[in-house]
Amino acid sequence: MRHVLSVLVLNQPGVLSRVAGMFSRRGYNIESLSVGKTEDEEISRMTIVTYADDETLKQIISQLSKIISVITIKELTDDIAVYRELVMIKVKADFIVRAQIVEISNIFRSHIIDVSNQALIIEVTGDSNKIQAIIEMLEPYGILEVVRTGLVALERGNTELKDFTE
């Protein structure tokens, strides 16, 4: 089962390495990992996506909470969080098909951020269903490269989630 963890950590050298190392040592997989400073420059937010059963998730949370730099750990679920991902897609786009690709880009409210004689780079932001849908629409034209940021997520409104570090 997919689990999305929002982990607040102290913004200091080595924290990412310790968190990733814990997953590696225990044999847990990180499906997606996004990290960045929060509104407080001394704190970073890690959004970690992992697939685990309930017992394994408990072990992951237990091990994460033992890392001194970890401040809070919260699980974000679909009903109480907003998920987004940024993707850049480089697609073959000669003069003949360029208008069709631009139309697909417009339908998905994405942005063309680079144009050359033979390719376009499209920037797409959205949930995983939107990302997958535009990739499938562009595949017949020839996708040259794809880069994804990984999932980022925030809890909605004033939702109070259980902090697993308490």
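Biologist: In which strand does Ile113 have its place?

Modeller: Keep in mind that this is a predicted model. Ile113 sits in strand E6, which covers residues 111-115. As for its cover, Ile113 counts as partly exposed, because its relative accessibility is 41%; the cut-offs here are under 20% for buried and over 50% for exposed.

In soluble globular proteins, nonpolar side chains tend to be buried together. Here, the largest nonpolar core has 18 residues, and Val7, Val19, Phe23, Ile60 and Leu64 are the ones with the most contacts inside it. At least two residues of this core come from each of strand E1 (2-10), helix H1 (15-26), E3, helix H2 (54-65) and strand E4 (70-76). There is also a second, separate core, with 14 residues, among them Ile89, Ala93, Ile101 and Ile104. Back to Val19 for a moment: beyond its neighbours within four places in sequence, Val19 is in contact with Met46, Ile48, Leu64 and Ile67.

Glu42 is exposed because its relative accessible area is 59%. Even so, Glu42 is in contact with Val9, Leu10 and Asn11, leaving aside neighbours within four places in sequence. Leu10 is 32 residues from Glu42 along the chain, yet their C-alpha atoms are separated by 6.0 Å.

Methods. Residues are numbered from 1 along each chain as its sequence is written. This is a predicted model: local features need pLDDT of at least 70, side-chain atom pairs count only at pLDDT 80 or more; totals for chains, interfaces and linings use all residues. Side-chain values use heavy atoms; hydrogens and water are left out. Helices (H or I, at least four residues) and strands (E, at least two) are DSSP runs, numbered from the N terminus. Buried means under 20% relative accessible area, exposed over 50%, partly exposed in between (1.4 Å probe, protein chains only). Contact means heavy atoms within 4.5 Å. A nonpolar core is a set of buried Ala, Val, Leu, Ile, Met, Phe, Trp, Tyr and Cys residues joined through side-chain atoms within 4.5 Å.
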